[in-house]
Amino acid sequence: GENVTVHPGAVICSEVTIGNGSVVHPGAVLYQGVTIGDNTVIHANAVIRERCRIGSRCVIQPGAVIGSDGFGYAPDGTGYYPIPQIGIVVLEDDVEIGANTCIDRAALEVTLIKRGTKLDNLVQIAHNCTIGEDCMIVSQVGISGSTKIGNHVTLAGQVGVAGHLTIGDNVMVGAQSGVPGSLAANAGYSGTPVMPHKDWLRSMAVVPRLPELKKTINALEKRIAELESRS
């Protein structure tokens, strides 16, 4: 494209397409067949693996890896052998990827990050996932393979999401929550395992009182035993 800046030390392999006004910083590597849209910035030491597609006005922060092999292995009786991961990653327009975040390529088709979504540093997106539009995925979130996340979803820091789930639109999940099952749209959730946020708040209000409640229960059990022994 026109007005493209490729800094010294960047590696551009064959059959790469870079759109107008885009910038590739030192140490970045674009593998064969990569497509970059207009006005996108690839920062230092980011890696875009073969055939992956990055939209326009995207930002890839230093050290991010787009299109690494998905974590797919099969047992062969003596160990595990890798299942070829031949799909790609597609980032739509206006997506931002934080430093040292990894997005794995699909096994066969596409790992998809839709328009306007922002991923913080140190996020892991496994193969075959779809992340909807305008989502906010905060640092150290891990999303297991083949999970589908709707639009306008926020996953706070260190949320863990199991694989093959669906999270509906407009969901917010609190920090350090564990998500073992699908979540309905238009709601907030917290905790491990995750529960509706209001239920989690009520549960957390009880936790500091558990030692006191245990003493009370022990005293009541002792009193009941004494009363029963007199009957």
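What distance separates the centres of domain 1 and domain 2, taken over C-alpha atoms? The separation is 46 Å. The model is predicted, with local features requiring pLDDT of at least 70 and side-chain atom pairs pLDDT 80 or more, while totals for chains, interfaces and linings use all residues. Residues are numbered from 1 along each chain as its sequence is written, and side-chain values use heavy atoms, without hydrogens and water.

**View 1. The two domains of the protein chain.** Domain 1 covers 5–196 and domain 2 covers 197–230, with bounds from an automatic or database domain assignment. Six residues of domain 1 and five residues of domain 2 form the contact (heavy atoms within 4.5 Å).

**View 2. The interface of domain 1 and domain 2.** About 410 Å² is buried between the domains, 60% of it from carbon and sulfur atoms; this is the accessible area (1.4 Å probe) that two parts lose on being put together, summed over both. In domain 1, S190, M195 and P196 lose the most area to domain 2, together 83% of what that side buries. Strand 29 (188–190) and strand 30 (195–196) each supply at least two residues of this side, and strand 29 gives the most, with three residues. Strands are DSSP runs (E, at least two residues), numbered from the N terminus.

**View 3. Parallel pairing around strand 17.** Strand 14 (residues 88–91) pairs with strand 17 (residues 110–113) in the parallel sense over four bridges; pairing requires that DSSP finds at least two bridges between two strands. Here L91 stands opposite I113. Strand 17 also pairs in the parallel sense with strand 20 (residues 130–131), over two bridges, and T130 is the bridge partner of L112.
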